[in-house]
Amino acid sequence: MAPLPDLADWLVDSNDALSISLVSPSKSGLRLVDTFHPKFTYPIFGDEEKIFGYKDLRISLRYRANDMRPHLDVSYTTKLKPPTGVDEPTDIKAVLQEGNHLPRVAFVKSSDFENSAQQLADNWTPPGSLHETINGTDDQYEIWKGSLADPAIKQLMDRVQILIPLFIEAGTYIGQNPETNVQDLSDADRWTVFFLYRTQKSLDDPEKKSYVFAGFSTVYRFFYFGQPPTPPTERDNWELPAGDMDLVKLPCRSRLSQLVILPPFQGKGNGASLYTSIFQYYLSHEQTHEFTVENPNEAFDDLRDVCDLTYLKTVPEFVELRLDASAEIPKKGAVPKLIVGEEKLDKIRQKAKIAPRQFSRVLEMYLMSQLPASVRPTMELDDATQSPTQADKHLEKLWQLIVKQRLYRHNKEALSQIEQAERIDKLQDTLNGVELDYARLLAALERSLKHGQGQPNGKRKYDDIVPEASSKKVRTGEA
């Protein structure tokens, strides 16, 4: 009887095995743009991110860089012939097909994929409408926008949706039930998709553009439950709106659900540029009353904080806000207003369409940046500053109290279940973490602004602050 094989020798890391390539069509054939690996493959190949049954396994997922038509190729040197009692090797193509991870066109013959590239017209442009043109640090970029109800937009999303779980931790497909893999897009008209492309002169015809897909973001529109309208004086004459009301015209909360920048285009300001462009669009979108982000991870939080702070510093009413040095903190009773202009906060927030908790965080960061150097938290361990005056300490205490108030409100239920002494310690520990977090972001922002002075058109590389980030990951932090 032959000995059983060592099964560990037949396990392959799925992150290493899967490579993603962008190839550009040209008259001479397909030209490689770049190759990279995914961050995560556990939503596809299991929590251990292992594939069983192969030696020297290579899973090549090629994308035609403009229209993102995919092609999958699986190769290996040896495939396990399992003896009795040993599982069959992972059927890679079946896993990708049954989970609706890739459209059917991805599984055609390699020759069909390559031949179709030659037929792609030189005057190809992305689906949707041109939203904005951006001068990047390396090339020019264009953002194209469209509704998921548009068949051309949906086709492109079907092709690139696998990038969501590959680069967004806990990312899921739009409208798809993760348990049944059934997709429901009955609300497709509520989804707006923004595609980011790098553009450059065509190698075949310098008078024309070539497009290379760089990333995308999706935004979902919810109905906004704001203040009820003032009832008419003549109640008897009031009637319900007609049934043919255009839902697009209703007030809404627009929520950024996903944002992906492909690895070759990271570290070049593209994540911040795409986020800022989307934010500015909804800032001027009459129906949108609030712009939010769905379950951002910590890296995306950093990018968002910096972009939001940069925008708010252009708002005169926001810049005028400051700590009220004359405020006295009572030992008991209600805390007085601690910010000069505090009565304007909600109006400023609503005008900026930023969610309350996010606005509070950015406000805290801004107020901390205004603290005297003697008490302002810093990342520099050996930063020598002059001794703080009593006035400096008072401003520091005001700022800390503002942060503690928010932290307590946000964690009220959990804090109410512990003793007061422990509650105070928990708040102080969290405050210390917030101080370091803000100090890190402010220091990085200051560096990027100095760096931007030497960039063409003052380009600010916000992505030097944090890596390009996706937006879908459940947060565990309570700050």
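A nonpolar core is taken here as a set of buried Ala, Val, Leu, Ile, Met, Phe, Trp, Tyr and Cys residues joined through side-chain atoms within 4.5 Å, where buried means under 20% relative accessible area, exposed over 50% and partly exposed in between, with a 1.4 Å probe and protein chains only. In the largest such core, which holds 113 residues, Y275 and F318 touch the most other members. Helix α14 (residues 420–452) gives this core its largest share, 8 residues; helices (H or I, at least four residues) and strands (E, at least two) are DSSP runs, numbered from the N terminus.

The model is predicted, so that local features need pLDDT of at least 70 and side-chain atom pairs count only at pLDDT 80 or more, whereas totals for chains, interfaces and linings use all residues. Residues are numbered from 1 along each chain as its sequence is written, and side-chain values use heavy atoms, with hydrogens and water left out.

The secondary structure of the chain comes to 14 helices and 16 strands, and 46% of its 479 residues count as buried. With contact meaning heavy atoms within 4.5 Å, 72% of the contacts between residues at least 6 apart in sequence join residues at least 24 apart.

Beyond four places in sequence, Y275 touches L256, L259, F291, V293, F300, L303, R304, C307 and D308. Y275 also belongs to a cluster linked by ring pairs, together with F194, F279, Y281, Y282, F291, F300 and Y311. Rings of Phe, Tyr and Trp (its six-membered ring) pair if their centres lie within 6.5 Å, and planes under 30 degrees apart count as stacked, over 60 as edge-to-face and the rest as tilted. A search of the whole structure finds 24 aromatic pairs, and two of them are set out below.

| Pair | Centre to centre | Angle between planes | Class |
|---|---|---|---|
| W144 and Y211 | 6.3 Å | 80 degrees | edge-to-face |
| Y282 and F291 | 5.6 Å | 15 degrees | stacked |

Leaving aside neighbours within four places in sequence, E142 is in contact with residues including L130, F195, K209 and Y211.

For "active site", UniProt lists E294 in an unreviewed entry; UniProt positions are given in the numbering used here, feature names are shortened, and annotations may be inferred rather than shown by experiment. E294 lies in the loop between β14 (288–293) and α8 (298–312) and, at 13% relative accessibility, counts as buried. The side chains of E294 and R255 are joined by a polar contact of 3.4 Å.

Finally, S360 lies in helix α11 (residues 356–369) and counts as partly exposed, at 22% relative accessibility.

Technical notes: A polar contact is a pair of N or O atoms within 3.5 Å; within protein, one must be able to donate a hydrogen and the other to accept it, and residues adjacent in sequence count only if both atoms are side-chain atoms.
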